[in-house]
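The following questions and answers concern the structure shown here.

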Amino acid sequence: MSPLLFSVLWTLIKVAFALFAVGLNIAGLLGWVERKQSAVLQDRIGANRADIFGFRILGLFHPIADALKMLTKEDFVPTGVNRLFHTMAPCFSLGFACLGLAAIPYGGVVHIAGKTLSLVPIESPAGLLFVLAMLGLGLHGVMMAGWASNSNYALLGGLRGAAQMISYEICMGTILAAPAFLYGTLNLETMVEKQAGFLWGPIPRWGAFTQPLAFILFLVAGTALSKRAPFDLPEGEAEIVGYHVEYSGMKFGMFLMTDFMENIVVSGLAVAIFLGGWQIPGMALDGLSGAILMLASFIAKLLAVLFVLMQVRWTLPRFRFDQLLSLGWKNILPLALANFLVTVWGVYLWR
Amino acid sequence: MAMTVRPVERPARTLKEQIFLWEVWIGLVVTFRHLFVNLARHVLRALGLNVEPGAVTIQYPEDPAVLGKRARTRHRLLKREDGSPRCTSCLLCETICPAKCIHITPEESPDPRIEKRAKTFDIDIGLCIFCGDCVEACPVDAIHMDANNVELSSYTREDMIWTMPELLGDVPKLPRALRATRPASGVS
């Protein structure tokens with residue numbers, strides 16, 4: 001096998017892993033987690049009726065039932081919509097969210113059978129920028145859906161979404177400037193490698209400990225960017241009608257999926273930049289077992305972050321829109337800038 | 001009288017509340033406590049231990065519905081000690097019914113001490129609004145709304161009509177298609 005063909009195949013395998021094993025798999029499961037976690041913390045039982053041959057296994061068949069329902073529902077397109085954009089909008093939303101998954105470092109470089117393999121699907125020196133760009137492009141799906149629907153409610157929802165996402169896009173960039181400066185790179189893989197070892201005693205040299213303020217701000221801004229509660233104003237399922245009112249069937253399902261997907265991307269970024277990525281403190285990982293441990297470590301951290309974000313989602317009430325924007329522009333952005341300045345001075349004085 | 005305005009002082013937010021993160025943390029502690037306590041209870045119950053249930057949910061179709069003691073449910077006609085219906089066909093319930101769902105046909109009673117009795121007594125549950133006025137109006141305590149039956153749906157409008165034997169409990173309520181040939185409503 002020629003080296004070129006091998007590298008192409010290996011990249012395809014990694015992308016397939018990112019999309020199917022991480023993206024779609026966890027996004028599907030998140031629907032179940034969302035229902036069950038909210039149910040348990042609200043003293044309920046939660047969805048447990050879907051069964052196959054009488055087996056219910058804690059309602060785990062509900063995501064499958066949901067997907068089947070979405071796929072078999074009528075895809076109703078109202079009169080007056082711009083059909084092209086109306087169809088493109090969910091594809092844009094979900095597509096860019098999925099693309100963002102491809103640059104997340106699920107593992108580092110390992111040596112297996114004399115070959116040097118990288119476990120990052122897209123090895124790019126600007127991986128962080130790539131993910132941020134994909135998160136930013138997801139905005140177009142929201143605006144397109146709002147505009148193409150030929151409905152004032154959807155349009156206003158889309159504009160709300162656009163304002164929110166652009167605001168938090170800027171916050172996100174400013175927040176991530178500090179850790180990027182600290183690590184001295186935009187390559188997510190290198191960032192993870194810089195977090196090896198221990199900071200002080202048993203505390204690992206993770207971004208969450210070297211950049212605690214940036215970590216908290218990142219979680220807030222990331223939740224807002226992926227349009228999850230308490231920042232789910234663009235959707236506002238029941239109260240304030242969102243950009244996808246005119247959607248039904250699987251197109252609507254794709255918008256729902258986008259939320260989960262963006263949540264996974266943001267959590268992946270949080271793990272890679274702030275929680276040491278695939279690192280296990282005090283262990284040097286290599287070889288086949290190392291690769292498996294890397295993936296397991298990364299996925300475990302990813303699930304933990306998703307769990308906490310889900311808990312926040314079911315704890316806090318929704319923000320008002322002006323509160324949301326003032327939180328972004330007046331609080332997070334200045335704090336992120338201050339954090340960046342302190343980081344720059346700190347790094348300058350340390351050297 | 002002139003309207004008085006009482007200015008209410010809004011409590012000023014402290015710095016701790018304005019930072020917001022501490023309050024979020026308090027909320028998270030509450031929800032995490034609920035989550036883990038309930039999870040532990042679910043697991044312990046699944047293992048067969050008799051602890052408090054982790055959820056207050058009633059699994060309705062499997063477990064019976066829990067109704068309040070004073071819940072107004074389906075009507076029930078009462079009988080005298082000799083087994084004949086208490087209803088004297090005074091038509092007070094039919095008159096007071098705001099939904100006009102009660103239909104009574106009176107007839108002579110063979111008992112000389114009782115003037116009338118009901119020949120037919122139909123209640124259209126599909127029209128009934130469960131106000132309980134019929135129960136209040138009845139002078140002989142012949143009608144109650146305590147059958148504790150809330151599963152009243154049916155596939156046709158005719159099947160929503162309960163006849164006297166069914167309301168008395170003499171005959172089980174069956175859909176019309178399943179019923180053997182017998183008068184739609186008759187004297188018990």
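Q: Which residue is the bridge partner of Asp124(B) in β5(B)?
A: Helices (H or I, at least four residues) and strands (E, at least two) are DSSP runs, numbered from the N terminus, and two strands pair if DSSP finds at least two bridges between them. Strand β5 (residues 161-162) of chain B runs antiparallel to β3(B) and is joined to β3(B) by two bridges. In β5(B), Asp124(B) has as its bridge partner Ile161(B).

Q: On what numbering and confidence limits does this description rest?
A: Residues are numbered from 1 along each chain as its sequence is written, while chains are lettered from A and ligands numbered from 1 in the order in which they are written. The model is predicted, and totals for chains, interfaces and linings use all residues, whereas side-chain atom pairs count only at pLDDT 80 or more and local features need pLDDT of at least 70.

Q: Which strands stand at the edges of the open sheet of chain B?
A: The sheet has three strands in the order β2-β3-β5, with antiparallel pairing. Strand β2 (residues 102-108) pairs with strand β3 (residues 116-124) of chain B over seven bridges, and Thr105(B) stands opposite Thr120(B) there. Two strands have a single partner each, so one side of each is left without a neighbour in the sheet; these are β2 and β5 of chain B.

Q: Which residue takes a positive phi in the hairpin of β1(A) and β2(A)?
A: Strand β1 (residues 109-112) and strand β2 (residues 115-118) of chain A pair in the antiparallel sense over four bridges, with His111(A) opposite Thr116(A). The hairpin has two residues between the strands, and the one with a phi near 50° is Ala113(A).

Q: Where is the kink in helix α1 of chain A centred?
A: Helix α1 spans residues 3-41 of chain A. Its buried residues (20 or more other C-beta atoms within 10 Å of their own, against 12 or fewer for exposed and anything in between for partly exposed, with C-beta atoms placed from the backbone) include Val22(A), Gly23(A), Ile26(A) and Ala27(A). The bend at a residue is the angle between axes fitted to the seven residues ending there and the seven starting there. The kink is about 30° and is centred on Ile26(A).

Q: How are α1(A) and α2(B) oriented to each other?
A: The two helices pack with their axes 7 Å apart, at an angle of about 95°; axes are lines fitted to C-alpha atoms, for helices over the stretch in contact, and angles run from 0 to 180 degrees between N-to-C directions. Angles under 35 degrees count as roughly parallel, over 145 as roughly antiparallel, 65 to 115 as roughly perpendicular and the rest as oblique. Helices α1(A) and α2(B) are therefore roughly perpendicular.

Q: Which residues of α1(A) make the contact with α2(B)?
A: Two residues are in contact if their C-beta atoms, placed from the backbone, lie within 7 Å. On the side of α2(B), the contact involves Thr31(B), His34(B), Leu35(B), Asn38(B) and Leu39(B), and on the side of α1(A) it involves Gln37(A), Val40(A) and Leu41(A).

Q: How many charged residues are on the side of chain B that touches chain A?
A: Between the chains, 14 residues of chain B are in contact with 12 residues of chain A. Ala, Val, Leu, Ile, Met, Phe, Trp, Tyr, Cys and Pro count as nonpolar, Asp, Glu, Lys and Arg as charged, and the others, Gly among them, as polar. The side of chain B that touches chain A has eight nonpolar and six polar residues, and the number of charged ones is none.

Q: Is Trp278(A) buried or exposed?
A: Trp278(A) lies in the loop between α9 (249-274) and α10 (287-313) of chain A. Residues that Trp278(A) touches include Pro105(A), Val192(A) and Phe298(A). Because Trp278(A) has 27 C-beta neighbours inside 10 Å, it counts as buried.

Q: Is Ile57(A) buried or exposed?
A: Ile57(A) is in the loop between α1 and α2 (62-72) of chain A, and its phi is near 30°, a positive value in a residue other than glycine. With 10 other C-beta atoms within 10 Å, Ile57(A) is exposed.

Q: How far apart in space are Gly242(A) and Ala154(A), C-alpha to C-alpha?
A: Gly242(A) is in the loop between α8 and α9 of chain A and counts as buried, with 25 C-beta neighbours inside 10 Å. Gly242(A) and Ala154(A) are 88 residues apart in sequence, and their C-alpha separation in space is 5.6 Å.

Technical notes:
Lists of a residue's contacts leave out its neighbours within four places in sequence.
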